[in-house]
Amino acid sequence: MLETGIKGTQEVEVGEDNSAKTMGSGTLDVFATPAMIALMEKTAWTSVAPYLEEGQGTVGTHLDVTHDAPTPLGKTVTCDSELVEIDGRRLVFEVTARDGSHVIGKGRHERFIISEEKFQAKANQA
């Protein structure tokens with residue numbers, strides 16, 4: 001059953017493939033902001049996926065996050081999420097990313113529950 005308090009955790013190692021230089025979000029060999037956001041989204045959606053009905057999924061609709069500190073190549077970034085609000089099909093998560101004991105980013109992320117088949121069909125018609 002989908003209810004507030006559901007938590008998730010995901011990790012990623014910082015490498016050239018998710019660096020600011022490679023992802024085009026800067027010129028340095030540090031963890032890219034788009035990579036941090038992707039990790040936050042993955043952590044949120046995977047945390048609630050087991051609680052959804054067959055054929056349902058979620059899509060990200062809003063992010064309000066900060067990227068507060070750099071993380072060099074070779075470190076591991078861990079993201080934690082918690083489902084803090086359910087409003088119909090709208091889900092709100094608190095997300096926090098850390099590299100070790102240091103918080104590197106945090107904020108809120110909203111997702112909507114969708115029918116995957118209907119959503120994909122609509123996207124294919126666009």
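Glu 110 sits in strand S5, which covers residues 102–115. Helices and strands here are DSSP runs (H or I, at least four residues, for helices; E, at least two, for strands), numbered from the N terminus. The model is a predicted one, so local features need pLDDT of at least 70 and side-chain atom pairs count only at pLDDT 80 or more, while totals for chains, interfaces and linings use all residues. Residues are numbered from 1 along each chain as its sequence is written, and side-chain values use heavy atoms, with hydrogens and water left out.

Back to Glu 110: its side chain makes a polar contact of 3.2 Å with the side chain of Arg 90. A polar contact is a pair of N or O atoms within 3.5 Å; within protein, one must be able to donate a hydrogen and the other to accept it, and residues adjacent in sequence count only if both atoms are side-chain atoms. Setting aside neighbours within four places in sequence, Glu 110 is in contact with Val 59, Gly 60, Thr 61, His 62, Arg 90, Leu 91 and Val 92. Contact here means heavy atoms within 4.5 Å.

As for the whole protein, there are 3 helices and 5 strands, and from the N terminus on they run β-α-α-β-β-β-β-α. The C-alpha atoms fill a box of roughly 40 × 35 × 20 Å along the principal axes. Among contacts with a separation of 6 or more, 63% are between residues 24 or more positions apart. Buried residues make up 33% of the 126, where buried means under 20% relative accessible area, exposed over 50%, and partly exposed in between (1.4 Å probe, protein chains only).

Phe 93 is one of the buried residues, at 0% relative accessible area, and belongs to strand S4 (residues 90–99). Beyond four places in sequence, its contacts include Ala 44, Ser 47, Val 48, Leu 83 and His 109. Glu 41 is 52 residues away from Phe 93 in sequence, yet their C-alpha atoms are 9.5 Å apart.

Leu 83, in strand S3, has 0% relative accessibility. Leaving out residues up to four places away, Leu 83 touches Leu 2, Glu 3, Thr 4, Gly 5, Ile 6, Val 48, Leu 91, Val 92 and Phe 93. Val 48, in helix H2 (residues 33–48), also comes out at 0%. Apart from its neighbours within four places in sequence, Val 48 is in contact with Leu 2, Ile 6, Thr 58, Leu 83, Leu 91 and Phe 93. Its C-alpha atom is 11 Å from that of Val 92, 44 residues along the chain.

Loops hold buried residues too: Thr 71 lies between strand S2 (56–67) and strand S3 (76–87) and has a relative accessible area of 0%. The side chains of Thr 71 and Asp 99 are joined by a polar contact of 2.9 Å. Beyond four places in sequence, Thr 71 is in contact with Val 14, Val 30, Phe 31, Val 77, Asp 99 and Ile 104.
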